[in-house]
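Subject: Structure handed over, with notes

Hello,

Here is the structure for your files. My notes on it follow below.

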Amino acid sequence: MDFGYNIIKIKTVDLDRIDKSLYNRVVFVAPDINKCIACGSCSASCSVSFYNSNSSFRKALVAIERDDITGIKESLSSCVLCGKCSLVCPRGINTRGVIIAIKDLLKEEAL
Amino acid sequence: MVNDTIIIGGGPAGLKAASSLNSLGHKVTIIEKTEVLGGQIKNWYKLFPDFSDSYSVVSNLTNLSSDISINLNSTVLDVQKENGHFNLLLSNNKRLKGKSILLTTGFSLYDASKKEEYGYGFYKGVLTNKDLEHNFINNPKFIDIDNPTVVFIHCVGSRDHKAGNMHCSKVCCVTAVKQAIEIKQFYPKANVYCFYMDLRMFGRGYEDLYLKAQSEYNIKFIRGRVSEISETFENKIVVKAEDTLSSKPIKLTSDYAILMSGIVPTKENFPLFNKLSVSINSSDGFSNEPSFNNLLNLKTEGVFTAGCINGPKTIPEVLTESDSVALSIHSFLSR
């Protein structure tokens, strides 16, 4: 039925309500992601981001932490696992390993 | 009798300079406006970055030689220069004479109630960094649940043109990280968040502390300046900001919000500075604009400054500056 208006999904991240289970599972398998300082060198060095600006490991991490995973799977699927991001990460996070772990978790949860 | 140096302000800067000048053989008098020596560091529980006990630092600094005379509960009402000597009139009608004056009057903490959007003074759950240290000293278990959510809000009154403070207060970033870790130590199940603009971990060991906060204490750092704080019917504190890393508004309900009030100049001392022709920077209100070739850059002969009167500083920086100014005073007196 058309009432003449739509309901828009609220864009605010409400930290009281978000589902932290996926993020907690990622932290469990890759505790190093807590060390991230969001500098963006992973995204800047990414071989794929030149062609696909949606592919950003930094953004993917924040998105998972904020339980906003629409587009994450697509963004990570373009990863070619070249490992340049792991090479440049100043906090020594095994970003390539984290990407593989996140993809596995997403597959398990069939998201 | 004539003092070699009259030190105005009995905090770390004044105490350190007093003992250095005393060991160089000069007759020193300290003037302190409160009833006890030690300055603002007394209000602090532990110090960054190594969690040194601030009590032990204060007792070490106040362990002075008996040659140093101390005037507590005194302020300077008037000062005049006559025949190269400074004549001071104190609030207790005592008169002092000195060959040189060292101003170590320190700083004030920004009055957080001026940032009305944060509701300090209205909401019980909104505290300042100083209030939190007070609780750590007197009653660290001031929160009656074991898994509180505590939010730290950086840059309150600092880097804020509208608040009249363009400057970075420098030490609050690492203080927030230190206090966040202390909350986690008292309440291991707590959820702790820091809302920051930049994290300025400039000092030795600070970056390690930040890494420890992230990896060992699971403290969450969210980049975005808090825009407003409100209260729920259950007296919980609601914090709103933009999560600038995901470009989305973010909202969080917490038990306590801690405002990191910055270091600001003490305006009530400006009349004294004017009498001694100590320059006051028009931008940040701190005194003494040093140049590379003239670190002291003093306008009146015989008047010196040290410590946070010259801008925000850490305790080790204050102590180093006091020692350096003591040497300058020594060479001035030995001329």
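Two residues are taken to be in contact if their C-beta atoms, placed from the backbone, lie within 7 Å. By that criterion, 12 residues of chain A are in contact with 14 residues of chain B. On the side of chain A that touches chain B, the elements giving two or more residues are β1 (13-14) and α3 (57-65) of chain A. That side of chain A has five nonpolar, two polar and five charged residues. Please keep in mind that this is a predicted model.

The rest concerns chain B.

Helix packing. Helix α1 (residues 12-23) and helix α7 (residues 315-333) of chain B have axes that come within 8 Å and cross at roughly 40 degrees. The crossing of α1(B) past α7(B) is right-handed. From α1(B), the contact uses Pro12(B), Ala13(B), Lys16(B), Ala17(B), Ser20(B) and Leu21(B). From α7(B), the residues taking part include Ile315(B), Val318(B), Leu319(B), Ser322(B), Asp323(B) and Val325(B). By class, the residues of this contact between α1(B) and α7(B) are ten nonpolar, three polar and two charged.

A covered helix. Helix α4 (residues 172-186) of chain B has 15 residues, and from its first C-alpha to its last it reaches 20 Å, close to the 21 Å expected at 1.5 Å a residue. Eleven of the 15 residues of α4(B) are buried, and the helix is mostly covered. The buried residues include the run Cys172(B), Cys173(B), Val174(B), Thr175(B) and Ala176(B), and also Lys178(B) and Ile183(B). What do the buried residues of α4(B) pack against? Their partners in chain B are the helices α3 (129-138) and α5 (206-215), together with the strands β11 (149-156), β12 (191-196) and β17 (256-261).

A loop residue. Ile68(B) sits in the loop between α2 (54-62) and β5 (69-71) of chain B. Is Ile68(B) buried, exposed or partly exposed? A residue is buried with 20 or more other C-beta atoms within 10 Å of its own and exposed with 12 or fewer; Ile68(B) has 17 and is therefore partly exposed. Leaving aside residues up to four places away in sequence, Ile68(B) touches Ala18(B), Asn22(B), Val28(B) and Ile30(B). The C-alpha atom of Ile68(B) is separated by 6.9 Å from that of Lys27(B), and the two residues are 41 residues apart along the chain.

Regards

Definitions and conventions: Residues are numbered from 1 along each chain as its sequence is written. Chains are lettered from A and ligands numbered from 1 in the order in which they are written. This is a predicted model: local features need pLDDT of at least 70, side-chain atom pairs count only at pLDDT 80 or more; totals for chains, interfaces and linings use all residues. Helices (H or I, at least four residues) and strands (E, at least two) are DSSP runs, numbered from the N terminus. The expected span of a helix is 1.5 Å times one less than its number of residues. Axes are lines fitted to C-alpha atoms, for helices over the stretch in contact, and angles run from 0 to 180 degrees between N-to-C directions. A crossing is left-handed if the near helix is turned anticlockwise from the far one by less than a right angle, and right-handed if clockwise. Ala, Val, Leu, Ile, Met, Phe, Trp, Tyr, Cys and Pro count as nonpolar, Asp, Glu, Lys and Arg as charged, and the others, Gly among them, as polar.
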